[in-house]
Amino acid sequence: MRTRSQSREPRPPPPEGPPVVIEPLRIEYPFQEDPTVEPMADTRTMAQLLQAPTEGYEDAILIPEIVANNFELKHGLINLVQNKQFFGHDKEDPHAHIRYFNKITSTMRVPNVPITTIKLMLFPFSIEGAARIWLEKEPPRSIQTWDDLVSKFINQFFPPSKTTNLRNEITRFQQRFDESFYEAWDNSIHSIMP
């Protein structure tokens, strides 16, 4: 094994004449801070520096203040809501999910706690998958009422374009002379929903 000093090619002889003085290359970085300005000293302790940031983790749903004493969601109610979760698949009906959710939450009454507040607290337990991802991507504190939540949920998972497409399919429905209404409707439905 050879070292650099033992490389195969011989070094060229130094040039004759007086030695040339080469000035060191000076590089200026325009993005560097002005050296005359001293940065402020960071007075945080090591424990404070190692703590994870806590800003920006607020939920999209703003839960109104509850004036009732010792209010908590019961595990049985949470489990009931989780038994039929909405995942956000194309074949799922967000309207049916809201109707089912309203039916479950209508069975509960708590003094001094509005039913809409209970619905806002319970709704995140009723969704999973793409629906949960949608809710987590909503801006913090952007859903302030139950009506806000229902409107955003329906518009996300049953947008107006889907309504228009289904309406167009219904208006283009045709029945051939030789088929029954049931056969024509059945064929039409299979062409809409593969």
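Student: Start with the helices. What do the buried residues of α4 pack against?
Tutor: The buried residues of α4 pack against α2 (75-82), α3 (94-105) and α6 (146-157). Contact here is heavy atoms within 4.5 Å. Helices are DSSP runs of H or I with at least four residues, numbered from the N terminus. Before we go on: this is a predicted model, local features need pLDDT of at least 70, side-chain atom pairs count only at pLDDT 80 or more, and totals for chains, interfaces and linings use all residues. Residues are numbered from 1 along each chain as its sequence is written, and side-chain values use heavy atoms, with hydrogens and water left out.

Student: Which residues in α4 are buried?
Tutor: Helix α4 covers residues 115-122, and its buried residues are Thr-117, Ile-118, Lys-119, Leu-120 and Leu-122. Buried means under 20% relative accessible area, exposed means over 50%, and partly exposed is in between, with a 1.4 Å probe and protein chains only.

Student: How many residues does the largest nonpolar core have?
Tutor: That core has 29 residues, and those with the most contacts inside it are Leu-122, Phe-123, Leu-149 and Phe-153. The elements giving it two or more residues are α2, α3, α4, α5 (130-137) and α6. Helix α6 supplies the largest share, five residues. A nonpolar core is a set of buried Ala, Val, Leu, Ile, Met, Phe, Trp, Tyr and Cys residues joined through side-chain atoms within 4.5 Å.

Student: What does Phe-153 touch?
Tutor: Leaving out residues up to four places away in sequence, Phe-153 touches Phe-86, Pro-94, His-97, Ile-98, Phe-123, Ile-127 and Trp-134.

Student: On to the rings. How many aromatic pairs are there?
Tutor: The count is nine aromatic pairs. Rings of Phe, Tyr and Trp (its six-membered ring) pair if their centres lie within 6.5 Å; planes under 30 degrees apart count as stacked, over 60 as edge-to-face and the rest as tilted. Phe-123 and Trp-146 make an edge-to-face pair, 6.0 Å centre to centre with 70° between the planes. Phe-123 sits in the loop between α4 and α5 and Trp-146 in helix α6, 23 residues apart.

Student: Is Trp-146 buried or exposed?
Tutor: Trp-146 counts as buried because its relative accessibility is 8%. Phe-123 is also buried, at 0%. Phe-123 and Phe-153 form an edge-to-face pair too, 5.2 Å centre to centre with 80° between the planes.

Student: Which residues do the ring pairs link into a cluster?
Tutor: Phe-86, Phe-101, Phe-123, Trp-134, Trp-146, Phe-153 and Phe-157.

Student: Now the loops. Which one holds Asn-112?
Tutor: Asn-112 is in the loop between α3 and α4. Its phi is positive, about 65°, although Asn-112 is not a glycine. Asn-112 is exposed because its relative accessibility is 57%.

Student: What about Arg-141?
Tutor: Arg-141 has a positive phi of about 60° and is not a glycine either. Arg-141 lies in the loop between α5 and α6, and it is partly exposed, at 42% relative accessible area.

Student: And where is Asn-69?
Tutor: Asn-69 is in the loop between α1 and α2. Asn-69 is exposed, with a relative accessible area of 72%. The C-alpha atoms of Asn-69 and Val-113 are separated by 9.8 Å, although the two are 44 residues apart along the chain.
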